[in-house]
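Student: I would like to go through some labels and see what each one rests on.
Tutor: Ask about them one at a time.

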Amino acid sequence: MSNASMPPPLPSPDRADVTARLREAFLAADFTADGLLDLLGAPAYAALARSETVPALRATRGDGALASLVRLFLLQETVPHARVADVLPVDALLESGWLVADGVDGATGAAGAGGTGGGPRGDGTRGGGDGTRGGGGLRATTDVRPYGGPEGEDWFIVSDLGCAVGGAGGIGSRDEGVVLGVGGASTTLSGITVRTPVASALDIGTGSGIQALHASRHATRVTATDLNPRALHCTRLTLALSGVPNADLRLGSLYEPVGEATYDLIVSNPPFVISPGARLTYRDGGMGGDDLCRSIVQEAGARLNEGGYAQFLANWQHVEGEEWTERLRSWVPRDCDAWIVQREVQDVTQYAELWLRDAGDHRTDPAEYAARYDAWLDEFEARKTRGVGFGWITLRKTGAAEPSVTVEEWPHPVEQPLGETVQAFFERQDYLRANDDAALLAAHFKLAAEVVQEQVGLPGAEDPEHVVLRQHRGMRRATQVDTVGAGFAGVCDGSLSAGRILDAIAQLMGEDPVLLRDRTPAQIRLLVEQGFLEPVGR
């Protein structure tokens, strides 16, 4: 790797006084998630998430403090020294490496989110400053993104210049060791994570530190690992700038840095991309096929405390002659319950094109692009891979003799955050495992909140062809039920046992109550498992 391709040095993580002053300056200027939305407006704010910077450049043409910070840290523009000095402690930030003077080695040539390098500021002036108060211009050495915590916390995510996730910025084409910011995968994982108070949490492949940041809210002790030293550096800056205690940061691959330690919570958004080789550290796992994801899941059981959760994002192969569901079942440790949700499947050409664009290979020489594309297809052909799935894997350490393993496909919209939904799913598994059909009939249930009934049929028909129950929260599931199931669910308010409700339905429908009691528990069990019915007093 040439020096020209190396990202600039990161700020010193040891100057706690400077970091604290920088945070104070950010808050004073309202350089927060809410402040950005107010300044930029919704369209420009959303465009930033796609790494489209022109709307934000237009919205920050003024001379205000917030506009200067947005241009400096989000758009990676050169900002006149005088404007920066009005907002930030410039000398301290220059000394500690948060800022550099434009023209200094490492300050130019590192394209920002808009790929502007040292070019025009985008507002009709040049980026060279105004010649006052030190003259020249200043540039940031890192991307700093305001991020709103779940309880309104003002957090800041530190990553490499030009590595905001969301657009076809060609991130990987610049360097192998860059550290990405927060993208859709990061927020998905943070949203599905169970957030009960725990003694210990482990974030594997921490990157810029977003999962460790979330874990700091409910874990007494947070450990974060990464194979990339630069990622651990960024995580330390992220935690410090966000005003939370530093985590136990360890260098190494997967579980290796933590030895035999066990945890109450393990989370990871690993480098799960299935690729020919380990070209890009931030996304390619360095193992063949989906072996990295398989390894991190299989080894989690031995690292979890009883009742602990392990939650991962992953890719997996759809292999010719093999059921993908069985492939994933084989990954689950024998002492863990599991809930695996496939959110998306791409054929091998779509998948290769996605990650070639991610690396910026579509902007290279056409022959080079074709050669890389061909290498991906060779890899898939050799492994008999016909598609690649993406989704969530949640494990829970259990002492049950027969752990519950659910593998399903759910590509439909969901409502984040889902942490409570995930926790409730496993609690329902415990309930169903402990209660046979007779116990279900003796139990009391209530209909979950915001479940509606839909009837499908021809206009004017006396009876509907289908009755569907639909959730408007959490997974937003829909399930078809028969007349008995719909009637049963509608009556469930916790006051009567399931058996008494079925006896009443049998009398109304003229059915044998014994036969109805025999055939209905399977439907009750399904409605409980999927969260349409909630046991009362369990």
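Student: In which strand is the place of arginine 139?
Tutor: This is a predicted model, and in it arginine 139 belongs to strand E3, residues 137-140.

Student: Why is arginine 139 said to have no salt bridge?
Tutor: A salt bridge needs a side-chain nitrogen of Lys or Arg within 4 Å of a carboxyl oxygen of Asp or Glu. For arginine 139, which is buried, the nearest side chain of opposite charge is aspartate 102, at 4.4 Å.

Student: What makes the pair of arginine 139 and threonine 78 a polar contact?
Tutor: The cut-off for two N or O atoms is 3.5 Å. The side chains of arginine 139 and threonine 78 are at 2.7 Å, so the pair is counted as a polar contact. A polar atom of the arginine 139 side chain also lies 2.7 Å from the backbone oxygen of glutamine 76.

Student: How do you know that E1 and E3 pair?
Tutor: Pairing requires at least two bridges found by DSSP. E1 and E3 have two bridges, in the antiparallel sense, so they pair. Valine 79 is opposite leucine 138 of E3.

Student: Why are E1 and E2 called edge strands?
Tutor: The open sheet has three strands in the order E1-E3-E2, with antiparallel pairing. Strand E1 (79-80) and strand E2 (99-101) each pair on one side only.

Student: How many bridges join strand E7 to E8?
Tutor: Four bridges join E7 (residues 219-226) to E8, and the two strands run parallel. Pairing needs at least two bridges, so E7 and E8 pair. Alanine 224 is opposite leucine 249 in E8.

Terms used: Residues numbered from 1 in each chain as written. Predicted model: local features only at pLDDT ≥ 70, side-chain atom pairs only at ≥ 80, totals over all residues. Heavy atoms only, no water. Buried < 20%, exposed > 50% of the residue type's maximum accessible area, 1.4 Å probe, protein only. Lys, Arg positive; Asp, Glu negative; His and termini not counted. Polar contact = N/O pair within 3.5 Å; in protein donor to acceptor, adjacent residues only side chain to side chain.
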